[in-house]
Amino acid sequence: QVTTEEVAQLAEMRIPPPEFFNKKFSSFSFTPRVISYADTPLAVLTMFEDMGFITKFRINKTYLCRFILMVRKGYRDPPYHNWSHAFAVCHFCYIMYKNLDLPKYLDDIELLALFVACLSHDIDHRGTTNSFQIASDSVLAALYSSAGSVLERHHLTQTMAILNTDGCNIFQSMGNTNYQRTLDLISYIILSTDLAHHLRIMEELKKMSQAGYAKGNPGHHKLLLSLLITSCDLSDQTKDWNTAKRIAEMIYQEFFKQGDLEKSLGRDPLLMMDREKACIPELQIGFLESIALPVYSLLAKFFPAARVMVDVMQKNRQMWKKMKGRVKKMDVVTGTAMDSLL
Ligand SMILES: COc1ccc(Cl)c(-c2nnc3c(C)nc4ccc(C(=O)NCC(C)C)cc4n23)c1
Ligand SMILES: [Mg+2]
Ligand SMILES: [Zn+2]
């Protein structure tokens, strides 16, 4: 629960314009992780307001404040899958809204569902993967493993639980039809944050990018919503090198903790989770080439303005290649130096 005081304190504040946080707040190059944890609820309010959602959907401001604070509280503090990640993800959704012409492709209600889903898409994440849930016979696996996307189903359940909490239902001013459609959209979008789902629809996404988007085709709306939230989920990698590198290292902190846990349980972790064997530059080059670059290349096919992020990501890949080269050389040098020392 969040306290009445916390909610009142946030609700009585005037909602500032985006520039209040930074004059580049709405640009692709802005790194949302510079906003302090304490200021993020107000920044989320600013984004809701700036996209016109509060007026358009007659959202009760106090309910919205309570909802935002409850979602923030719903996140744990693993190295990567914490509230800062959720805030970065929803910020990227906001800058796509501001810089790409999303309303030309998606309905208002789909955009609202996308933004809300970004906020809560990883809520109560434990810092371990779906396969770890299943292998460790966790409570979540017991609940959801038959349906797949174990963690994502849990994030969805937690989101619905908050919306069903007194004074948190930000959609209550909607008519029944729109209300139900919003919940259905949030469900679909959160479940589609499972990378396995994204990999399954890649072929369909490519076909849609070749055929061209048809606004009259509901299937195209769903495919695009999946692509957009995956773009948000990976968006740290579209930022400057220092940000991209720092966040990638955070992810491997989380992976290596899981690898240590698996070793202590007598199991062999994946290479990318084994701190003794993983070569982060090599793994990141692989992730950028096989997953991240195709995501933003597809995005740029629908939204040419997104091209800039492909270029930044290519530069980051070059930097990983340089890091890889340096590590290899160092190994050789150390090896030689060691021989001469011995
Ligand atoms: C969209 O859902 C997720 C869920 C969890 C994570 Cl950590 C990520 C994510 N966000 N940024 C990254 C970066 C920079 N590198 C990553 C390297 C590997 C993997 C990974 O899961 N590899 C397994 C393979 C079967 C695909 C994920 C990575 N990742 C995205
Ligand atoms: Mg997730
Ligand atoms: Zn995420």
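Modeller: The largest pocket has a volume of about 1000 Å³. This is a predicted model, in which local features need pLDDT of at least 70 and side-chain atom pairs count only at pLDDT 80 or more, while totals for chains, interfaces and linings use all residues. Residues are numbered from 1 along each chain as its sequence is written, and side-chain values use heavy atoms, without hydrogens and water.

Colleague: Why is a set of points called a pocket and not a cavity?

Modeller: On a 1 Å grid over the protein atoms alone, a cavity is a set of points where a 1.4 Å probe fits but cannot get out, whereas a pocket is an open set with protein on both sides within 12 Å along at least five of seven lines. The volume is the space filled by probe spheres set on the points, which are joined across faces, edges and corners.

Colleague: What makes a residue part of the lining, and which residues lie nearest the centre of the largest pocket?

Modeller: A lining residue has an atom within 4 Å of a point. The largest pocket is lined by 42 residues, and His81, Thr129, Leu195, Phe255 and Met272 lie nearest its centre.

Colleague: How many residues line the second largest pocket from H1?

Modeller: H1 gives 3 residues, the most to that lining. The second largest pocket has a volume of about 200 Å³, and its lining includes Glu6, Phe20 and Arg72.

Definitions and conventions
Chains are lettered from A and ligands numbered from 1 in the order in which they are written. Helices (H or I, at least four residues) and strands (E, at least two) are DSSP runs, numbered from the N terminus.
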